[in-house]
Amino acid sequence: PLAYILCGGQGTRLRSVIGNTQKAVAEIHGQPFIALLLRELREAGVTEAVLCAGYRADQLLAMAEKLSAESGIALDIAVESEPLGTGGALLNGLRHRAPPPRYFVLNADTFLAAEAYRQLWAASESSRETMLTVHAANRARFGSVFFDAKGVVTRLLEKGASGPGYVNSGAYVFSRASLAGLPLRPCSLERDILPALAERRTLQSAAYAGNLIDIGAPESLETFKKEYSYPMRTRS
């Protein structure tokens, strides 16, 4: 499989911790975070990836060859000429590298174990686009996902809800046709593209029982540094 990895964000919440470093390359025990992400993807069977880059793309370009050699994943980099948001970054990546019939899309600041990607890929063998969801005790920092008994997503709420419920893990499998024809423009994957798919009832949830780790805030980055070990497995 091929993965498009969204790593164009400015990581403003992390500036106090990582300065002007691209958050995908935040150091975790001597390794850039994205190296850990690529390791899990390779274990899940991913052989190629497009890094959809924007802010500090130079840092990703500088380490791309080493990342590719160490992970065993052939890397390509699609650099946006202006900030495009998560949706625009993906559309730019799809124009840079034409997609196969099915492909992964994922955020570069969230960590999932290889088994999560395997489960997501298996669940995507249907007629619908698929997003991996995780049950959280508190949804406050995540986008909430609501789906029916068959797993069809009925509603998305981009942050703001609290309490327990299912949240968007930031990992998806799309089909080639799902985004075909959309014009390249600044837009949000979470606020524009996914709700449109849900409205057409062409988006389904694949519920994952393991850990979801978002390093986008200083406290979560520090927690990940303390708790990370390889390999990470499903919690009991």
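The loop between β4 (48-53) and α3 (57-71) contains R56; helices (H or I, at least four residues) and strands (E, at least two) are DSSP runs, numbered from the N terminus. R56 is not a glycine, yet its phi is positive, about 50°. With a relative accessibility of 23%, R56 counts as partly exposed, where buried means under 20% relative accessible area, exposed over 50%, and partly exposed in between (1.4 Å probe, protein chains only).

The model is predicted: local features need pLDDT of at least 70, side-chain atom pairs count only at pLDDT 80 or more, and totals for chains, interfaces and linings use all residues. Residues are numbered from 1 along each chain as its sequence is written, and side-chain values use heavy atoms, with hydrogens and water left out.

A positive phi, near 60°, is also found in R201, a residue other than glycine. R201 lies in the loop between α6 (189-199) and β12 (203-208), and is partly exposed at a relative accessible area of 42%.

Helix α2 (residues 33-43) has eleven residues, of which eight are buried, so the helix is largely enclosed by the rest of the structure. The buried residues are F33, I34, A35, L36, L37, L38, E40 and L41. G45 follows α2 and has a positive phi near 105°.

A disulfide is taken as a pair of cysteine sulfur atoms within 2.5 Å. By this rule the count is zero. C7 is in no disulfide, and the nearest cysteine sulfur, that of C52, is 6.7 Å away. C7 is buried, at 1% relative accessibility. For C187, the closest cysteine sulfur is that of C52, at 12 Å, which is too far for a bond. C187 is also buried, at 7% relative accessibility.
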